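Here is a friendly walk through the packing of this assembly, from its chain contacts to its sheet and helices. Keep your viewer open and follow along.

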4 protein chains.
Amino acid sequence: MGEPVGPLAPEVPVFRELDATTAARISTEAKALQPWLVDLRRHFHRHPELGWREVATTARIVEELSQLGYEVVSGKDFLGDTPRLGLSREPIPGEGDTGCIAIHDTGRPGPTVCLRVDIDALPITEATTGHVPADAGYASTVDGVMHSCGHDGHIAIGLGVARLLRPMLAGGFGKLKLLFQPAEEGVRGANSVVAAGWMDDVDLFAAIHLGLGVPSGSVAFGVHGFLASRKYAVLLTGRAAHAGKAPEEGRNALLAACQMVPGLHALAQSSARGVRINVGVLEAGKAVNIVPEKARFELEMRAETNDALDRLERRCLRLIASMAEAHEVEHATVLRGRSGAWRNPNDFVAWASGIDRMLGTFPSVLTDHPFGAGEDATTLAGAVDRRGGKAGIIVLGADLVGDHHTPEFDFDENVLWQGVQLLTALTAGAMEIV
Amino acid sequence: MGEPVGPLAPEVPVFRELDATTAARISTEAKALQPWLVDLRRHFHRHPELGWREVATTARIVEELSQLGYEVVSGKDFLGDTPRLGLSREPIPGEGDTGCIAIHDTGRPGPTVCLRVDIDALPITEATTGHVPADAGYASTVDGVMHSCGHDGHIAIGLGVARLLRPMLAGGFGKLKLLFQPAEEGVRGANSVVAAGWMDDVDLFAAIHLGLGVPSGSVAFGVHGFLASRKYAVLLTGRAAHAGKAPEEGRNALLAACQMVPGLHALAQSSARGVRINVGVLEAGKAVNIVPEKARFELEMRAETNDALDRLERRCLRLIASMAEAHEVEHATVLRGRSGAWRNPNDFVAWASGIDRMLGTFPSVLTDHPFGAGEDATTLAGAVDRRGGKAGIIVLGADLVGDHHTPEFDFDENVLWQGVQLLTALTAGAMEIV
Amino acid sequence: MGEPVGPLAPEVPVFRELDATTAARISTEAKALQPWLVDLRRHFHRHPELGWREVATTARIVEELSQLGYEVVSGKDFLGDTPRLGLSREPIPGEGDTGCIAIHDTGRPGPTVCLRVDIDALPITEATTGHVPADAGYASTVDGVMHSCGHDGHIAIGLGVARLLRPMLAGGFGKLKLLFQPAEEGVRGANSVVAAGWMDDVDLFAAIHLGLGVPSGSVAFGVHGFLASRKYAVLLTGRAAHAGKAPEEGRNALLAACQMVPGLHALAQSSARGVRINVGVLEAGKAVNIVPEKARFELEMRAETNDALDRLERRCLRLIASMAEAHEVEHATVLRGRSGAWRNPNDFVAWASGIDRMLGTFPSVLTDHPFGAGEDATTLAGAVDRRGGKAGIIVLGADLVGDHHTPEFDFDENVLWQGVQLLTALTAGAMEIV
Amino acid sequence: MGEPVGPLAPEVPVFRELDATTAARISTEAKALQPWLVDLRRHFHRHPELGWREVATTARIVEELSQLGYEVVSGKDFLGDTPRLGLSREPIPGEGDTGCIAIHDTGRPGPTVCLRVDIDALPITEATTGHVPADAGYASTVDGVMHSCGHDGHIAIGLGVARLLRPMLAGGFGKLKLLFQPAEEGVRGANSVVAAGWMDDVDLFAAIHLGLGVPSGSVAFGVHGFLASRKYAVLLTGRAAHAGKAPEEGRNALLAACQMVPGLHALAQSSARGVRINVGVLEAGKAVNIVPEKARFELEMRAETNDALDRLERRCLRLIASMAEAHEVEHATVLRGRSGAWRNPNDFVAWASGIDRMLGTFPSVLTDHPFGAGEDATTLAGAVDRRGGKAGIIVLGADLVGDHHTPEFDFDENVLWQGVQLLTALTAGAMEIV
């Protein structure tokens with residue numbers, strides 16, 4: 001799953017200082033983009049789309065990037081025939097071919113820098129009263145779908161960086177990749193991005209998430225405590241039989257599932273931190289008088305380290321396979337989501353903090369911030385790290401109204417230009433743009 | 001559930017001989033009804049309705065009965081506020097107020113005789129080729145609903161009996177009740193009929209079912225081996241919690257259900273015959289990362305005797321209640337269907353066989369026929385038996401194409417008049433009509 | 001397990017009539033043995049030994065048989081290296097090499113006839129008051145062991161037959177085998193007898209059991225309804241670990257067993273008759289703070305037919321193996337007992353009834369007697385049947401005080417000579433002794 | 001359980017400085033006791049006794065204390081009729097009435113100071129080669145029992161303190177209690193000590209444990225991370241029945257236990273630290289063909305805080321009670337051991353460190369030492385703390401050969417006088433002895 005990353009590259013230096021003049025220029029230009037950023041963000045907020053279904057969202061992004069003169073890869077060309085984790089159980093046409101990547105190669109030897117933002121919304125119905133987007137007329141127009149995690153802001157930031165950087169790329173060294181990743185919710189899309197090879201040449205990777213408890217005016221570079229997780233769907237197929245007349249002819253998929261669940265729960269006891277198992281959904285059987293032929297359940301495993309999660313996953317999958325055998329039912333396990341443990345490395349933290357000091361924007365820089373949740377960017381960061389590149393996931397402080405993933409969620413739009421400024425500056429540093 | 005039956009009545013003689021002349025007259029008149037019976041049957045076959053939803057079916061039956069001059073009780077007056085077992089999970093308006101009863105009191109002292117037919121169809125899509133109803137143009141016009149058990153024929157027979165008997169009731173003794181019962185499938189409707197008190201004064205009860213492996217030209221009076229069953233829906237409500245951050249805050253309804261299922265299965269071992277337990281449907285949980293708050297499952301219990309089933313039911317319900325307590329989840333159990341064990345008594349068999357010999361219709365009379373399934377009429381027969389009345393459930397032989405409850409089901413329409421003749425003759429005998 | 005039986009032999013006629021004079025002589029001589037039979041029975045009653053441990057019992061039997069001039073095979077020569085089912089968990093020296101077989105070949109061509117009695121006692125403490133053996137001074141002298149099933153009587157009958165037949169064997173045709181089988185309780189010993197080949201040449205097999213609800217003066221030839229069963233010990237071996245410090249290092253054999261038990265119970269639902277599963281004993285773990293490394297349980301399966309039992313056994317063993325795999329524990333299953341379904345064939349019943357009429361002893365002969373329990377003789381009878389021989393298991397009526405397998409059990413000793421007479425007469429008939 | 005502690009006392013100052021002269025005198029006298037301490041320790045090492053069975057051990061302790069002139073409470077007077085946790089399943093006479101307390105009241109107003117040592121050994125067979133106690137001739141003389149945790153040393157230290165302090169008690173203020181606690185292993189005895197009221201007037205409590213990874217020459221005052229635990233035995237009583245003939249008559253205690261175990265395991269998932277559940281022992285059933293009437297299992301729960309453990313205990317006990325109800329079996333839960341979470345308070349650490357500096361014995365004083373296991377002294381310390389007194393549990397450094405609870409365990413006897421010196425000095429300080 002998303003594992004194959006090319007051979008280790010010779011290490012390319014990426015942590016380069018930023019010129020003070022350039023820093024000042026970036027600040028000025030980023031601030032000037034703010035009205036445009038707000039417009040963009042509100043556009044995407046009005047038109048939220050669920051993960052793997054971001055068709056219109058992607059079309060607009062591609063349009064903006066193309067106008068700016070980037071080479072853009074999208075549609076079936078973007079993720080090809082890589083596996084898509086966690087597609088809908090009844091997919092719609094076009095599902096799974098969303099998201100895009102913009103590329104610009106300076107033609108001069110240097111690092112490949114990849115910036116990533118995520119673009120999907122959530123199955124939440126937006127609040128209609130006492131809620132700024134509703135009052136200001138940019139609330140979701142799609143019933144039951146809402147940008148309640150801030151990815152609308154992320155898209156705006158990503159496009160802002162694209163716009164700000166474009167003229168600067170006449171100079172500098174190396175190659176820029178701007179990744180607009182689909183299906184972050186459920187930690188699904190990054191797996192396909194890695195499998196499609198987009199991380200194979202990346203020397204520096206940076207992703208950004210706004211909010212998450214960090215207030216406006218702060219930024220967290222020393223981020224750690226991303227929780228590793230795996231999400232599976234498990235399908236069991238037995239044999240139906242009349243429960244009264246010939247129960248022994250049946251192979252009971254419902255019963256098999258019922259024995260798996262406590263067996264799985266019992267695997268959660270561990271001296272490793274954060275080990276969790278949850279069977280969150282179970283559906284089995286069709287009629288009260290038939291031995292159930294089919295069962296389907298969804299399983300999530302978590303741990304604070306990739307090693308602990310790998311061990312747990314092996315035990316869970318073995319238990320499922322053998323218990324299916326015990327009950328004489330067929331089984332299939334489908335990976336539907338995964339995220340890795342992650343900790344931004346010290347050299348990334350030090351470098352990013354240095355660039356930030358040049359900009360002078362954030363009064364408060366956090367160097368020990370536990371993320372405490374999963375993030376699909378960990379899969380991208382982990383892939384870059386495995387090939388010898390550098391990676392960091394930054395939390396951009398933003399005052400919130402309502403919590404993430406609630407109908408009342410909203411964020412301080414003033415941080416949009418700050419995000420543009422920061423990512424642009426990091427890129428300019430790494431690519432030696434002056 | 002449908003239990004309350006009035007105090008034991010003094011026994012009223014019901015097993016009276018039939019006059020030969022009357023027998024001959026009934027035969028002649030019944031045969032003459034055959035074209036009308038076929039038309040009626042085909043009408044109901046074209047317009048099948050599921051149990052508790054037989055609105056149009058009931059309307060037509062009421063229309064026929066009223067025209068014949070019967071007092072008819074229908075709509076909300078028929079079953080009042082008695083519990084309705086196994087209503088749809090999302091009921092439609094009018095659901096549950098179907099079926100009716102036609103009454104005629106001779107005004108002369110004598111037995112109350114109740115004849116019952118059932119009127120509902122099944123959620124089966126009718127075959128379209130190589131199938132007489134399709135070829136002859138009277139196949140179901142309702143997608144996914146079909147009279148594939150023969151209840152369309154039962155309605156026709158019931159109306160035929162109503163028509164044949166009506167003029168004869170100028171004579172005779174006692175009272176006649178013609179019951180058109182809703183929701184037989186799932187063994188649901190009879191429970192409400194009993195609860196509404198319709199059996200409280202019945203001295204003789206007869207029901208009829210066509211087909212069931214008995215060929216045209218045969219009739220079974222000595223029927224036994226009706227299986228007792230109970231069907232329950234079980235609802236569990238716990239407390240949702242984030243499965244990663246605070247699993248101990250959750251009260252896991254899915255896990256509770258998973259422990260109940262093997263516990264229930266283990267109760268099926270018994271020296272009593274035919275004891276069975278099946279959990280045929282289970283649905284729980286909403287999201288993979290949430291401790292599941294809700295679970296719902298459907299449970300069926302069976303046994304060959306009412307006693308064994310009663311004991312089993314007590315143990316199952318106790319296990320569910322206590323295991324819910326063990327997992328700190330709320331529970332509710334909803335009875336959705338029930339049928340009783342039953343064996344036609346010897347005096348009924350002897351009497352009916354005698355009447356039948358007067359008619360001379362059936363070359364073959366079966367006196368030891370195991371039914372081997374559940375029938376909602378057992379609930380009615382059992383209620384009549386408990387008050388001291390007499391009851392019998394008759395299988396009317398009919399050659400079949402395709403088995404009951406299949407898309408190819410069809411039956412020999414020629415038996416319709418035979419059913420009318422038989423039920424009319426039994427009634428005439430019991431009510432001393434000459 | 002005890003399966004290999006030689007190739008089918010050409011059928012040898014065994015159901016021959018008995019000469020009236022011989023019948024009379026057998027009656028007279030059997031009656032004369034009664035005081036000796038009572039002495040013998042009381043001797044064995046005083047000195048009961050558990051199955052596979054009948055060392056002194058066997059020695060005494062061998063002594064008697066040898067004095068009568070039979071060739072006797074005993075000790076290690078009797079069962080060789082065949083598997084012994086259900087040995088004690090801590091066997092004592094000599095355990096498993098008990099029982100014997102006496103052989104006499106007439107040298108003249110004819111059938112091989114095998115009579116079988118069983119010789120083991122039960123782990124029951126005999127009653128000391130209000131109990132004939134105690135009052136008459138022949139109660140068990142071994143604490144906690146008692147002949148409370150009547151096998152002491154069976155031994156006496158077997159030796160009586162040996163004594164009565166010995167001089168008659170100067171005449172007749174064929175070969176006689178008198179089998180004194182060990183370890184009938186727990187249905188264990190017959191398996192080894194078959195495996196050792198003792199049934200490979202048997203044309204007629206007869207076994208006898210006294211009591212079992214049949215009163216003195218009756219005999220049952222038409223016996224059926226022997227229940228097939230298998231008994232297994234299951235051993236699970238996981239890995240111990242400190243339950244507080246490193247639970248994930250453990251592989252929990254106790255938990256594995258706990259999931260197997262309800263899984264096994266759920267396999268008992270069947271349309272086949274008499275299907276049962278019981279886990280009767282479970283022992284697991286050593287200390288409250290250690291993940292349990294070991295578990296051991298004992299499992300019994302039953303059914304009314306060998307086929308149903310075979311299917312059940314396959315499912316149970318598969319469930320155990322796969323659930324062990326699911327919990328990552330090693331498993332071993334050890335067969336500890338088995339019995340087969342059996343029904344005495346009609347020709348045996350007819351022939352034995354005819355011989356019995358010659359004797360005139362039993363006023364009442366039962367031809368439809370359900371046994372309703374397991375008997376180790378079914379394994380012997382089944383083996384003889386599979387090779388084309390004839391077999392029957394006879395219940396010798398005997399009034400009882402107390403039930404079988406209780407401390408108060410005692411039987412009417414007067415039936416001893418009747419048993420001798422019957423078995424001798426059947427043998428004399430089959431071997432054409434005059 | 002050991003809960004009732006008297007009303008809060010007005011706080012009595014206990015953390016008083018020690019006079020330098022007194023400190024010097026204590027050092028000198030403690031060193032002089034070393035040969036006597038070694039003799040005592042070796043005596044107890046030769047004669048180890050398991051918890052609640054320390055009969056000879058207690059007799060010797062009482063003898064020593066009485067000779068020194070202390071009032072000693074022992075035998076039935078010591079713990080009265082308080083519950084004794086974790087008695088043997090087949091107790092021997094005298095079991096449960098071991099341990100003692102020596103008391104001396106100065107008659108002058110001041111604090112009540114209680115020092116506690118523990119006196120029981122473990123069910124371990126001592127090593128016989130390459131092991132100092134074996135080579136030097138003082139190995140255990142009791143097969144299968146060994147002082148492999150160092151409690152023999154604790155007794156010697158306790159008696160040394162008694163001897164050293166006795167003459168000093170002519171001066172000073174308040175009251176001294178020297179507690180020789182039985183049954184520390186399994187965290188059992190302290191519960192009875194509290195229930196008997198011995199902690200009700202204690203103003204300062206100190207306990208000591210040697211070894212535990214702290215080397216000779218070090219002492220740990222800042223000790224924390226004691227794990228809270230509860231240990232229960234659970235007894236289930238159902239109803240036996242013949243598993244073949246009437247399984248529905250049985251109430252299966254084995255099956256009930258088998259469903260409880262995974263249910264209990266599933267309660268271990270928690271965001272609280274160190275939550276663990278283990279069913280370490282399970283025994284059920286008597287015979288393979290009987291529905292098991294009895295089951296017994298042992299359960300341990302752990303957590304890092306008393307609150308988390310209390311919540312867990314409530315859920316476990318509720319699950320057991322309700323699942324017993326579900327399976328219609330009686331249940332009884334017997335608390336067999338308990339320990340509390342604990343952290344030595346800062347003022348105790350500061351004061352003890354100060355006294356230690358006066359003595360100058362230990363080059364290394366640890367102020368942040370996680371204990372990482374359970375200790376019965378936490379129950380005593382907790383009781384003192386609840387009434388407003390001060391308490392501390394000290395780890396006395398001692399080089400070890402072999403780990404605690406192994407056959408090779410041995411410790412550096414040179415630390416004995418150091419322990420005497422330290423406890424004497426703390427007491428002298430608190431009681432203002434000069």
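Two residues are counted as being in contact if their C-beta atoms, placed from the backbone, lie within 7 Å. By that criterion, 19 residues of chain D are in contact with 19 residues of chain B. This is a predicted model, in which local features need pLDDT of at least 70 and side-chain atom pairs count only at pLDDT 80 or more, while totals for chains, interfaces and linings use all residues. Residues are numbered from 1 along each chain as its sequence is written, and chains are lettered from A and ligands numbered from 1 in the order in which they are written.

**Chains D and B**

Helices (H or I, at least four residues) and strands (E, at least two) are DSSP runs, numbered from the N terminus. On the side of chain D that touches chain B, the elements giving two or more residues are α8 (253-265) and α9 of chain D. Of these, α9(D) gives the most, with 6 residues. For residue classes, Ala, Val, Leu, Ile, Met, Phe, Trp, Tyr, Cys and Pro count as nonpolar, Asp, Glu, Lys and Arg as charged, and the others, Gly among them, as polar. That side of chain D has 8 nonpolar, 6 polar and 5 charged residues.

How do the axes of helix α9 of chain B and helix α9 of chain D cross? Axes are lines fitted to C-alpha atoms, for helices over the stretch in contact, and angles run from 0 to 180 degrees between N-to-C directions. The axes of α9 (residues 306-326) of chain B and α9 (residues 306-326) of chain D come within 8 Å and cross at roughly 175 degrees. That makes α9(B) roughly antiparallel to α9(D); angles under 35 degrees count as roughly parallel, over 145 as roughly antiparallel, 65 to 115 as roughly perpendicular and the rest as oblique. Among the residues of α9(B) that meet α9(D) are Arg318(B), Leu319(B) and Met323(B), and the residues they face in α9(D) include Arg318(D), Leu319(D) and Met323(D). The contact of α9(B) with α9(D) has 6 nonpolar, 2 polar and 4 charged residues.

**Chains A and B**

Here, 31 residues of chain A are in contact with 31 residues of chain B. On the chain A side, α8 (253-265), β10 (276-284), β11 (290-291) and β12 (294-303) each supply at least two residues. The largest share, 8 residues, comes from β10(A). By class, this side has 17 nonpolar, 7 polar and 7 charged residues.

Strands are said to pair if DSSP finds at least two bridges between them. β10(A) runs antiparallel to strand β9 (residues 276-284) of chain B, and 3 bridges join them. Within this pairing, Leu282(A) stands opposite Ala284(B).

The pairing belongs to an open sheet of 8 strands with antiparallel pairing, in the order β13(A)-β8(A)-β12(A)-β10(A)-β9(B)-β10(B)-β8(B)-β11(B). β13 (330-339) of chain A and β11 (330-339) of chain B stand at the edges, each with a single partner strand, so one side of each is left without a neighbour in the sheet. On average, neighbouring strands of this sheet are turned by 25 degrees against each other, direction ignored. Strand β8 (residues 228-237) of chain A is joined to β13(A) by 9 bridges and runs antiparallel to it; Ser229(A) has Ser339(A) as its bridge partner in β13(A).

**Helix pairs involving α8(A)**

The table sets two pairs side by side.

| Helix pair | Angle | Axis separation |
|---|---|---|
| α8(A) and α9(A) | about 150 degrees | 10 Å |
| α8(A) and α8(B) | about 125 degrees | 9 Å |

α8(A) and α8(B) are therefore oblique to each other. The contact between them includes Leu254(A), Cys258(A) and His265(A) of α8(A), together with Leu254(B), Cys258(B) and His265(B) of α8(B). It has 10 nonpolar, 4 polar and no charged residues.

In the pair within chain A, residues of α8(A) including Ala256(A), Met260(A) and Leu264(A) meet residues of α9(A) including Cys316(A), Ile320(A) and Ala324(A). The contact of α8(A) with α9(A) divides into 8 nonpolar, 2 polar and no charged residues.
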